[in-house]
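Please look at the model shown here, and let the paragraphs that follow lead you from one pair of packed elements to the chain as a whole.

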Amino acid sequence: MNEIQRPVLAPPGGEKKVLLHSCCAPCSGEVMEAMLASGIEYTIFFYNPNIHPRREYELRKDENVRFAEKHGVPFVDADYDTDNWYARAKGMEWEPERGARCTMCFDMRFERTALYAHENGFPVMTSSLGISRWKNKAQINESGARVTAPYAGLSYWDFNWRKGGGAARMIEISKREQFYQQEYCGCIYSLRDTNRHRRATGRRPIELGKLFYGMPEEEPAEQGLTPGADGQ
Ligand code: SF4
């Protein structure tokens, strides 16, 4: 383990048991190590039916499982119910990132997380999604508040995982672990839009399974439309 210095974290209500919705290993790496350093007992809930195609989904999930096993953290592998995701995204295919489709996408993933938390005795849930600078923190926190509201005794922990050096440590941990580096947010529409942007700027389309943090790149990672970012 590294020598990272962090403040002691305090989940809402002084609780020590948390359900962590994780979108991918790069985003959750810092969140996981920060909670471990504070003695917080947590379980990872991986529910991301937005990720397309299945190969990319498995790549992201496998990296997260590998890191959870390394730290001995329980990992719940939830459904890949893409039919429901597409049903909810219908009519929002051309929404920009951070728009209405993304609100739906956060809501859907968090609703399932909140239900699991409620049914399995977790008083607090949080998410790795907000650590990415490509995401709108307020949009994520509003979703968290919305999905936990129906459950008495369940809170959404809106901790800003980026602050206090968290964003830099996310990259540091990703390089140390040589995590898979996704190059688009996750859904088929973000893949389409990122590739359109890449073509317009003379770059090759995304090749799945190619980039890993800490390894040499043939060309710089995309810096436009939410690259990786659920994760980067
Ligand atoms: S761009 Fe990302 S957050 Fe938005 S709908 Fe697609 S996968 Fe979900």
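Helix 1, which spans residues 25-37, packs against helix 6, residues 166-177, at an angle of about 105°, and their axes lie 8 Å apart; helices here are DSSP runs of H or I with at least four residues, numbered from the N terminus, and each axis is a line fitted to the C-alpha atoms over the stretch in contact, with angles running from 0 to 180 degrees between N-to-C directions. Because angles of 65 to 115 degrees count as roughly perpendicular, helix 1 and helix 6 are described in that way.

This is a predicted model, in which local features need pLDDT of at least 70 and side-chain atom pairs count only at pLDDT 80 or more, while totals for chains, interfaces and linings use all residues. Residues are numbered from 1 along each chain as its sequence is written.

On the side of helix 1, the residues in contact (C-beta atoms, placed from the backbone, within 7 Å) include Pro-26, Cys-27 and Glu-30, and on the side of helix 6 they include Arg-169, Met-170 and Ile-173.

The protein chain as a whole has seven helices and five strands, a strand being a DSSP run of E with at least two residues, and from the N terminus on these elements follow the order β-α-β-α-β-α-α-β-α-β-α-α. Among contacts between residues at least 6 apart in sequence, 78% join residues at least 24 apart. The C-alpha atoms fill a box of roughly 50 × 45 × 25 Å, taken along the principal axes.

Terms used
Contact = placed C-beta atoms within 7 Å. Parallel < 35°, antiparallel > 145°, perpendicular 65-115°, else oblique.
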